[in-house]
Amino acid sequence: MALPRDFLWGFATAAYQIEGAVDQHGRGPSIWDSFCKTPGKIADGSSGDVACDSYNRTAEDVALLASLGATAYRFSLSWTRIIPKGGRGDAVNQVGLDHYVRFVDDLLAAGITPFVTLSHWDIPDELHRRYGGLLDRTEFPLDFEHFARLVFRALPRVRHWLTFNEPWCSSVLGFSLGQFAPGRTSDRTKSPVGDGATEPWIVAHNLLVAHGRAVKVFRDEFQPANGGEIGIVLNGDAVFPWDPADAADVEACERKLEFSISWFADPIYLGDYPASMRDQLGDRLPTFTPAERALVHGSNDFYGMNHYTANYVKHRTGAADRGDVAGHVEILFDNKNGDSIGPETQSTWLRPCAPGFRDLLGWISRRYGFPKIYVTENGTSIKGENELRREQILDDDFRVGYYEDYVGAMALAVERDGVDVRGYFAWSLMDNFEWHEGYETRFGVCYVDYENGQRRYPKKSARRLKPLFDSLLTKG
Ligand code: GBH
């Protein structure tokens, strides 16, 4: 088993989940600030107002990363710290921009390679109010392009850029299921606004075009002089047929992958949406104009892969529901024989199943021509972790096992299946604001004591990754 010698590994975070300081130094509100203020949206009624206070603890976080041996760190920019209202005609907040310039310098001084996500779900609230934000096919991509150009220019030392994190989540959770900001859905019992039968497909299209615009700016104006690379981050769960002997379940697995991964990756690598989506959605799925296609097709220098879990998938009969977003399939944790895919965690959607990781790495590689892959997130919560005392939380053997199994599965995919993985990021460096689940779910390899000044304490898993990667890299 071996990974390439220049393989990068480290930890990942996102601005709204760790920074806090939401009113400091002129930061403007994002859709998540507003969403958290809407009663009933966040499990424990919390928000990212304080979070881990990372905005004020950059030195501490860099030292923590260095002490764990990380060679890379993935974090995201808060768009509204840099342009508080977000738009291309709006004022730039130099203090916000300088904050990230310094942070990148500090990481590089510590020998840590920055991977920078331009936008991890925290879209400027003002753009949402002004023209519907992600729903606008023209304005949103242009405003994102403007923001991207600004930060490419300000951060020439960054060599690895990620445009959007998990556009699937923004589209489906934000505009169909309503669990995420801005909380739109066509289900009037959940939200008075939205049309979940059309909006997720529109939002995804606009995110793809915005991604394409940012990539074009990077390639035309910055890459020639600075070098570096850019891509998008896609989530995707592995699939196993509920009944492997039933061809319809095997097909349903493929469709589930197409509706979650290929929805974005097909336009980027192959030039159009998958046929299975067009078949089910008809003209509710937007059509690429030639100009849009030119922006999107070929727009990844690498594939950014977030991966956590696997499901059993069963076909459905009859016609697909108008609100269906998954490809007319049932998503299950038990198969026909009653076998469970993996043990429960604190997250209802997450059951560890490392063999699925190897499978999915292979599926993505075969479909898209063996692209260079960075695993931009991988990790787990632990059932009941938040109820334990700190000393017990630090002994996170379940998470240690998860990383050993998943990193092992990844190494097998590289060695045996010809998969080209160049980097890996554990989610997350520290416990943080877990979106609609608030602070009750902890994904960190470091414990954060929210009651006592956000102090960070490495859990056992935090220290396991370095020896794990050392052993895989020396053989490379
Ligand atoms: C990542 O997404 C995020 O990038 C990160 O910010 C977050 O903290 C981390 O995971 C841990 O959650 O509604 O039943 O269809 C995770 C991937 C994919 C998890 C979609 C939730 C929705 C399941 N997400 N999934 S469901």
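By class, the shell around the ligand holds 9 nonpolar residues (Ala, Val, Leu, Ile, Met, Phe, Trp, Tyr, Cys and Pro), 6 polar and 3 charged (Asp, Glu, Lys and Arg), with the others, Gly among them, taken as polar. The model is a predicted one: local features need pLDDT of at least 70 and side-chain atom pairs pLDDT 80 or more, while totals for chains, interfaces and linings use all residues. Residues are numbered from 1 along each chain as its sequence is written, and side-chain values use heavy atoms, with hydrogens and water left out.

In total, 18 residues surround the ligand, counted when a heavy atom lies within 4 Å of it. The closest are Gln17, Glu166, Glu377, Glu434 and Trp435. Helix H8 (residues 167-175) gives the most to this shell, with 3 residues; helices (H or I, at least four residues) and strands (E, at least two) are DSSP runs numbered from the N terminus.

Ser428 is in the loop between strand S11 (420-427) and strand S12 (446-449). Another cis bond runs from Ala181 to Pro182, with omega near 5°, and Pro182 falls in the loop between H8 and helix H9 (199-226).
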